[in-house]
Amino acid sequence: MYGDPALPPDFVSLPYANPDAPRGGRIVFAEIGSFDSLNPFILRGTAPWGVTLLTVQSLLGRSYDEPFTLYGVLAESVETDESRSYVSFTLNPNARFSDGSPVTVEDVMWSLETLGTQGHPRYRNAWSKVAAMEQTGPLSLRLTFSEPDRELPLILGLRPILQRAQFDVAAGGRPFDASSTEPVIGSGPYTVAEVEPGRAVTFRRVADWWGDDLPFFAGQHNLSEIRYEYFGDAAVAFEAFKAGLISVWREPNAARWEDSYDFPAVLDGRIRRVTVPHQRPSGMSGFVFNTRRALFADWRVREALILAFDFEQVNATINGGLEPRIASYFGNSVLGMRPGPAEGAVRALLEPFAATLLPGALEGYALPVSDGRRNRANRREAARLLAEAGWTPDDAGVLRDAGGAPFAFEILLQQGSSELQAIANTYVEALQTLGITATVVVIDPAQFVERTNRYDFDMTYALRAMSLSPGNEQMLYWGADGVETPGTRNWSGVHDPAVEAMIDAMLNARGQEDFVAAVRALDRVLMAGRYAIPFWYAPHSRLAVARGLHFPDILPIYGDWTGFLPEVWWYEE
């Protein structure tokens, strides 16, 4: 994205892969929830994460030891100009789908257009900026862009490439936009071997995979079999891990990491505990407001509800007080907003929107801290803001607006997390002291996906992971189109010209300094928008690993994110 790739043209492997890793073995993951589809490329249905990760390939592949650098995979070469007004790809002639058929230019062009027009909404923004696409040779194609966006060659290079023939309805294929448990034919290192809808899916390594000889894949995809088992509750899944049915457990709870790993498999060495450091931003994890609801349209109401959330008490109860609070969307990184007033290039980006920016964007915004006395000071300030916004308690202590309607809303959660339910219940009790009635509603994963896709909730839990090179996905998270278009990640209903302007500045930055300034400015606008009640983040990942599973000593800067587990792991007794 910026500067030159870190690896030379003759690199032998990615720096965090072991090209001498043995092949074979098996790994089993636990997933919470369920699935009803094997097509993750459309809005309908819920598909296992592993389908995209393991069975399909893209034109370019990402190194997770650099903020955002791609290398050739299905594409043997890539070409663009200084302004990145176009991109040309030439295919690797050896690339094959899992049924042995070659990956063709027609497959690539069909995939890019179909994903952009019929696929999940996350694919549409980039495709809308393609002015023309043409085949330029037996193995080559060119895309010309309609507007400036320096990330487009990379984004399109990461699009999954599917087999056109599988979805050729006229020739007996299936409709692309139909949810199905029929496996997608891809060019990745694994195929779907077994499916138990809603319960488990097993992926098996492709024999003589075409990508085995590429340096990019040296030391990757070493395991013969990868299986995902689905559970209705995290506590049940953890018991399965303790019993040896699951191979790896990511422990999200710092307190449990300290006091709950004295079971036999740990004590006798069948399971080892490791911590994996990372340099990625904190992202955002917490309860999010749906500002499409009139109840949450006023920033003072949102600030009041943030004040009512006693993070210090919740953190002490859940994590033993061991985890730091999320300070901003890009916190824990160079991209995060800095304390105090906006300065320099950041301020220059924000100043044109000064009249409409919410308090804190220019002056500086920080989350409230509990006073240690049942959050009384913050609750008093919350009550003041609510009164200013037109909400006052009646004789019975019920908070009502000028028309007499009570302040009441639902917190929507999906089954499987007793921890989230405990946090929500604690929050409900805190809100009652302000005269607010909040009700926790727990539904199954399929219903949760359906309702969040159409933004049918008041408040819910959301996790938004952030990278060191944010780009077009930010428009999917916060763009105005997502206010009404179903299926985007803009659950909060953000509709702010300043947000979109900061994203545009970020996408068109020519150098790292301009890019960092744009992201910091975006971070300020989002935090001042008060769209979420932030929880905590882990500055390192905690993994409990079954004996025989290994990973390289050199770790990518993104830690145990995509590209690490299971890609570069191997099995060896």
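Predicted model: local features only at pLDDT ≥ 70, side-chain atom pairs only at ≥ 80, totals over all residues.
**Exercise 1.** The structure holds 39 aromatic pairs. Classify the one formed by Tyr261 and Phe263 as stacked, edge-to-face or tilted.

*Solution.* Two quantities describe a pair of aromatic rings: the distance of the centres and the angle of the planes. For Tyr261 and Phe263, the centres are 5.7 Å apart and the planes stand at 45 degrees. Stacked needs under 30 degrees and edge-to-face over 60, so this pair is tilted.

**Exercise 2.** Describe the aromatic pair of Phe311 and Trp536, and find where each partner lies in the chain.

*Solution.* First, the geometry: Phe311 and Trp536 are 6.5 Å apart centre to centre, with 45 degrees between the planes, a tilted pair. Next, the location: Phe311 belongs to helix 9 (residues 311–319), while Trp536 is in the loop between strand 21 (532–534) and strand 22 (540–546). Finally, look around them: Phe311 and Trp536 belong to one aromatic cluster with Phe287, Phe309, Tyr427, Tyr461 and Phe535.

**Exercise 3.** Which rings have the charged ends of Arg273 and Arg464 over them?

*Solution.* Take Arg273: its charged end sits over the ring of Trp257, 4.7 Å from the centre. For Arg464, the ring is that of Trp491, with the charged end 4.7 Å from its centre.

Note on methods:
Residues numbered from 1 in each chain as written. Heavy atoms only, no water. Phe/Tyr/Trp six-rings, centres within 6.5 Å; stacked < 30°, edge-to-face > 60°. Helix = DSSP H or I, 4+ residues; strand = E, 2+ residues; numbered from the N terminus. Lys NZ or Arg CZ within 6 Å of the ring centre and 35° of its normal.
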